[in-house]
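Here is a short report to read alongside the sequence and the coordinates. Please keep the structure open as you go.

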Amino acid sequence: MQQKTPSLQSFAPLTVSMFAGIRADQIRLGEFFVNGSKIWDTVELDAGGAGESWLIDRAFYQLDDIQVIASGRVQTRGDWPVNLDLSAILPPPSGARWKIDLALAGSVRDLRVSGSSQGYLDAILEGAVEPLQADLPASLNIRSDTFLAAPSLQPTLTLNSLKLELSVI
């Protein structure tokens with residue numbers, strides 16, 4: 001008997017119709033583990049919505065030195081239009097800090113990303129992703145005037161006018 005290998009399939013956004021308003025004030029969750037692996041230290045949510053419109057006042061995620069804060073609007077109709085601002089603080093490979101600020105716009109079917117990176121990598125970021133596609137097609141353009149991967153490297157190894165185009169298709 002042959003076993004079927006599950007194929008990668010795309011997902012379709014759900015349509016959620018609600019007439020009642022829901023407000024999620026001060027949802028705070030502590031440490032969470034799955035199979036002995038920590039998934040987060042803290043998750044917090046302040047959000048609300050009525051019908052198809054949802055406003056995220058503040059969503060917060062922390063795992064060790066990684067922090068992500070988001071706010072914005074999501075519509076639960078059609079392709080789920082999205083307009084979110086996201087800020088992430090990451091542990092840099094070298095140096096004292098690394099912060100990424102992004103604006104996410106479009107829909108959960110076709111999401112555009114634009115923003116900046118400061119600290120370890122000072123750069124402008126632009127891209128797109130199709131989160132519901134099983135193969136997760138994505139592209140990201142990174143532009144930086146100067147980049148030195150580690151302060152211990154010789155200054156002659158500084159990359160000037162850096163432009164990277166990354167794609168997953």
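Predicted model: local features only at pLDDT ≥ 70, side-chain atom pairs only at ≥ 80, totals over all residues.

**Paired strands**

Let's begin with strand E8, residues 98–107, which has a partner in strand E7, residues 81–89. E7 and E8 run antiparallel and are joined by nine bridges. Within this pairing, Leu86 stands opposite Leu102 of E8. E8 also pairs with strand E9, residues 111–119, again in the antiparallel sense and over nine bridges. Here Gly106 faces Leu111 of E9 as its opposite residue. With three residues between them, E8 and E9 make up a hairpin.

The two pairings can be set out as follows.

| Strand pair | Sense | Bridges | Opposite residues |
|---|---|---|---|
| E7 and E8 | antiparallel | nine | Leu86 and Leu102 |
| E8 and E9 | antiparallel | nine | Gly106 and Leu111 |

**Leu90, in a loop**

Between E7 and E8 there is a loop, and Leu90 is found in it. Which residues does Leu90 contact, leaving aside its neighbours within four places in sequence? They are Asp65, Ile66, Trp98 and Ile100. Of these, Ile66 is 24 residues from Leu90 in sequence, yet their C-alpha atoms are 4.9 Å apart in space.

**Asp46, in a strand**

Our last stop is Asp46, which has its place in strand E4, residues 42–50. Is Asp46 buried or exposed? Its relative accessibility is 14%, so Asp46 counts as buried, the cut-off being under 20%. A polar atom of the Asp46 side chain lies 2.7 Å from the backbone nitrogen of Gln26.

Terms used. Residues numbered from 1 in each chain as written. Heavy atoms only, no water. Pairing = 2+ DSSP bridges. Helix = DSSP H or I, 4+ residues; strand = E, 2+ residues; numbered from the N terminus. Buried < 20%, exposed > 50% of the residue type's maximum accessible area, 1.4 Å probe, protein only. Polar contact = N/O pair within 3.5 Å; in protein donor to acceptor, adjacent residues only side chain to side chain. Contact = heavy atoms within 4.5 Å.
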